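Here's a quick briefing to keep open beside the viewer. Have a look at the model first, then work through the notes below.

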Amino acid sequence: MSVELNKLNIQRFYDEVISNGDVSVVDELMCAEFVHHGDSLFPYIGGSEAIKQGVVGVKSAYPDGHTVIEEMVADGDIVMVRLTWHGTHLGPFMGKEPSGKVHHWAGLSTYRFNNEGKIIERWANMDVMPQLMALGLIPEMKMGGG
Amino acid sequence: MPTTPEHNKSTIIRFFLAANNDQLDELDTYMHEDFVTHGPQSLLPYAKGRDLHKQGIGGFKSTFPDATIHIIHIFAEGDKVMTHQKVVARHVKEFLGVQPTFKTIEWTATQLARFDENGIMVERWVIEDFLAMFQQLGIMPTKFG
């Protein structure tokens with residue numbers, strides 16, 4: 001188990017799979033039985049095949065969609081990523097026609113690696129409300145001010 | 001004496017416990033005077049200052065008096081501590097115009113906290129699943145697209 005190698009593989013996951021859309025790399029980085037524990041929008045994803053489908057789906061709506069890794073923290077078999085995702089809405093997404101606008105959100109994702117150095121589990125909190133508001137799927141709201 | 005990742009982890013645990021137990025003055029000992037939180041972009045993207053944080057936590061607890069943070073994961077590397085946690089609270093007071101439902105609501109959050117060499121929290125990024133909270137209170141839709 002190498003913390004530095006785990007971090008490198010997370011970087012590869014975001015660069016090659018998420019940003020370049022190269023799903024052929026998924027099997028190298030991730031176990032087939034990978035599980036994602038998410039938040040209200042995507043609470044559960046079971047299996048690396050579902051991840052591949054998700055990547056293809058997002059890429060068709062946001063061809064230039066990409067993740068910027070702001071920082072990584074690693075400890076034992078865990079790598080946690082602070083990230084931002086950006087993409088131009090050029091294809092239908094969640095029932096909304098393309099707007100041509102740039103959407104973005106911040107995320108904090110915690111990855112667990114197995115003994116073979118493959119990603120086996122993830123817990124994600126993604127601040128997608130700005131994207132949902134931009135898509136017109138939820139109302140604008142402000143919580144501040146008393 | 002410089003802090004250690006283990007010491008920083010225990011500070012985070014104590015910080016959450018103090019928040020859970022409404023020990024707001026104890027929070028002072030863990031936060032830098034200029035403590036910064038980078039929060040949800042659409043709601044509270046930036047908050048700076050220990051007093052502001054105490055007010056914010058106090059305000060949240062006055063609306064959700066039994067809100068409890070449960071740590072699911074806690075890890076550390078260098079000057080950073082990350083946590084993945086769950087907040088559980090009963091909706092017993094009016095919130096964002098919604099009258100008390102007395103339901104128990106819960107949502108997850110992830111936090112990345114940065115410490116100075118003295119083991120004081122200076123900055124953090126936190127993302128809470130407020131969408132889940134709002135859905136449970138009926139403020140936001142549960143189906144999209």
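Let's start with one residue in chain A: Phe93(A) sits in the loop that links E4 and E5 of chain A. Keep in mind that this is a predicted model.

**Phe93(A)**
- Phe93(A) counts as buried because 21 other C-beta atoms lie within 10 Å, and the cut-off for buried is 20 or more.
- Setting aside residues up to four places away in sequence, Phe93(A) touches Ala61(A) and Leu135(A).

- As a rule, nonpolar side chains in soluble globular proteins tend to be buried together.
- Here the largest nonpolar core has 60 residues, and E4(A) is the element that gives the most to it, with 6 residues.
- The residues with the most contacts inside this core are Met72(A), Val73(A), Val79(A), Met80(A) and, from the other chain, Leu112(B).
- Met72(A) is worth a click: beyond its neighbours within four places in sequence, its contacts are Lys7(A), Ile10(A), Val79(A), Met80(A) and Val81(A).

**Where the chains meet**
- On the chain A side, 28 residues are in contact with 28 residues of chain B.
- Five elements of chain A each give two or more residues to that side: strands E3 (66-75), E4 (78-88), E5 (102-113) and E6 (119-127), plus helix H4 (129-134).
- By type, the chain A residues that touch chain B split into 16 nonpolar, 6 polar and 6 charged.

**The sheet in chain B**
- Chain B has an open sheet of 6 strands with mixed pairing, in the order E2-E1-E6-E5-E4-E3.
- Its edges are E2 (47-48) and E3 (68-77) of chain B, and each of these pairs on one side only.
- E1 (residues 31-38) of chain B pairs with E2(B) in the antiparallel sense over 2 bridges, and Val36(B) stands opposite Lys48(B) in E2(B).
- Helix H1 (residues 5-20) of chain B packs on the sheet and touches E3, E4 (80-90), E5 (104-115) and E6 (121-128) of chain B; the direction of H1 makes about 165 degrees with that of E3(B).
- Helix H3 (residues 50-63) of chain B lies across E1 and E2 of chain B, at about 60 degrees to E1(B).

Notes. Residues are numbered from 1 along each chain as its sequence is written. Chains are lettered from A and ligands numbered from 1 in the order in which they are written. This is a predicted model: local features need pLDDT of at least 70, side-chain atom pairs count only at pLDDT 80 or more; totals for chains, interfaces and linings use all residues. Two strands pair if DSSP finds at least two bridges between them. Helices (H or I, at least four residues) and strands (E, at least two) are DSSP runs, numbered from the N terminus. Two residues are in contact if their C-beta atoms, placed from the backbone, lie within 7 Å. Axes are lines fitted to C-alpha atoms, for helices over the stretch in contact, and angles run from 0 to 180 degrees between N-to-C directions. Ala, Val, Leu, Ile, Met, Phe, Trp, Tyr, Cys and Pro count as nonpolar, Asp, Glu, Lys and Arg as charged, and the others, Gly among them, as polar. A residue is buried if 20 or more other C-beta atoms lie within 10 Å of its own, exposed if 12 or fewer, and partly exposed in between; C-beta atoms are placed from the backbone. A nonpolar core is a set of buried Ala, Val, Leu, Ile, Met, Phe, Trp, Tyr and Cys residues joined through C-beta atoms within 7 Å.
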